[in-house]
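Colleague: I would like a close look at a single part of this model. Please take the ligand site, then move on to the salt bridges.

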Amino acid sequence: MIVNGETRLCGLIGNPVSHTLSPFIHNTLSKRMTINTVYVPFQVEKNELSQAVAGAHALNVLGMNVTVPYKTDVIPYLDAIDPMAKGIGAVNTLVRTQNGYKGYNTDMTGLCRAMQTEGIRLNGEEIIILGAGGAARSVAYMCLYYKVSKIYLLNRTIEKAQNIADELNKEFQREAIIPMHLAEFDKIPTKKYLVIQGTSIGLHPDSEACVIEDPSFYQLAHTGYDLIYRPFKTRFMKLVEEAGGVSFNGLGMLLFQAIDAYELWNHLEISDEVAMETYELLKAETKKA
Ligand code: NDP
């Protein structure tokens with residue numbers, strides 16, 4: 001990588017940012033595509049978020065990713081927001097415009113693209129989502145946006161699942177989300193579903209934990225999709241496979257949220273071949289960390 005007078009800067013704002021894999025993905029893509037951009041992490045303090053966004057624009061920064069804890073807090077500092085990101089209420093990608101940045105949610109377009117690549121359908125499907133935190137809410141929104149017919153939304157704290165159901169059922173004008181406590185899974189009609197694991201249970205180093213241990217739950221899964229990618233095979237994924245289903249981790253989502261952002265910033269399309277090459281490099285990098 002040669003940095004010269006024409007190099008453009010992209011970056012990530014969040015706190016903390018030291019464990020991020022985004023610089024690896026973006027700099028790998030730039031090298032592969034011979035695009036003259038450099039991507040770096042920026043740790044930003046909460047009281048300096050507005051200055052960080054304004055400063056990035058003043059410095060002609062091409063694009064930014066936004067991570068925890070600023071995905072919602074950053075919205076007031078944007079010049080424009082994509083409708084899906086607005087509905088989700090969270091932004092992870094800023095695209096430079098003349099007067100500021102436009103916010104997008106490529107976490108969700110990326111998850112959708114990862115699922116498409118893996119042959120998973122959403123349109124017309126009934127699905128189960130575990131969790132009602134920030135990620136699970138975004139996934140529920142994205143799934144309704146792409147026309148799943150019904151979502152059983154299971155959470156430890158039922159009130160949080162109920163709040164998401166109230167809000168999104170109203171927004172999409174249909175009673176699509178059914179909120180439930182985790183322990184109520186036996187009330188879900190017996191058939192096979194796509195199950196998306198959106199809680200933080202099972203994340204490294206707590207790798208042997210799973211939000212539902214009962215093997216009978218996994219009889220409901222034709223496919224299990226864990227948003228977690230560390231460990232590479234989570235306990236949730238193992239339980240899905242033991243019950244005869246297929247499973248995926250969240251690494252594809254991580255890759256495609258980056259690719260979607262990269263495409264928005266650079267006005268190009270990353271081919272399936274380059275995406276897969278990058279996936280293999282990212283997988284190796286994840287195992288190192
Ligand atoms: P939040 O903290 O907002 O939500 C955490 C969720 O986990 C809640 O539903 C919470 O339930 C549940 N939970 C936590 N502890 C327990 C427990 N002991 N028993 C039962 N449920 C529990 O986190 P996020 O929504 O932001 O993230 C969730 C996961 O998604 C993370 O592991 C993150 O790594 C992953 N993720 C992956 C991405 C990717 O690119 N692959 C992108 C974004 C997130 P309750 O409401 O009852 O507290």
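Colleague: Which of the 20 residues around the ligand come nearest?

Modeller: A135, N155, T157, K160 and L227 come nearest, out of 20 residues around the ligand. First, the ground rules. This is a predicted model, where local features need pLDDT of at least 70 and side-chain atom pairs count only at pLDDT 80 or more, while totals for chains, interfaces and linings use all residues. Residues are numbered from 1 along each chain as its sequence is written, and side-chain values use heavy atoms, with hydrogens and water left out.

Now the backbone around the ligand. A backbone N or O atom of L227 lies 2.8 Å from a ligand nitrogen. For G134, a backbone N or O atom is 3.0 Å from a ligand oxygen. For G250, the distance from a backbone N or O atom to a ligand nitrogen is 3.1 Å. The protein covers 72% of the 930 Å² of accessible area that the ligand has on its own (Shrake-Rupley method, 1.4 Å probe). Two or more shell residues come from each of α5 (134-145) and α8 (251-266). These helices are DSSP runs of H or I with at least four residues, numbered from the N terminus; strands are runs of E with at least two. By class, the shell holds nine nonpolar, nine polar and two charged residues. Here Ala, Val, Leu, Ile, Met, Phe, Trp, Tyr, Cys and Pro count as nonpolar, Asp, Glu, Lys and Arg as charged, and the others, Gly among them, as polar.

Next, the salt bridges. The count comes to 13, each a side-chain nitrogen of Lys or Arg within 4 Å of a carboxyl oxygen of Asp or Glu. One of them joins K71 and D107, with the closest N and O atoms 2.7 Å apart. This pair links distant parts of the chain, 36 residues apart: K71 sits in the loop between β3 (63-66) and β4 (80-81), D107 in helix α4 (106-117). D107 is buried at 12% relative accessible area, and K71 is partly exposed at 24% (buried is under 20%, exposed over 50%, partly exposed in between; 1.4 Å probe, protein chains only).

E126 and K191 also meet in a salt bridge, at 3.1 Å from N to O. They are 65 residues apart, with E126 in strand β7 (126-130) and K191 in the loop between β9 (177-181) and β10 (193-197). Finally, R113, D260 and E263 are linked in a network of salt bridges.

Technical notes
A residue is near a molecule or strand if one of its heavy atoms lies within 4 Å of it. A polar contact is a pair of N or O atoms within 3.5 Å; within protein, one must be able to donate a hydrogen and the other to accept it, and residues adjacent in sequence count only if both atoms are side-chain atoms.
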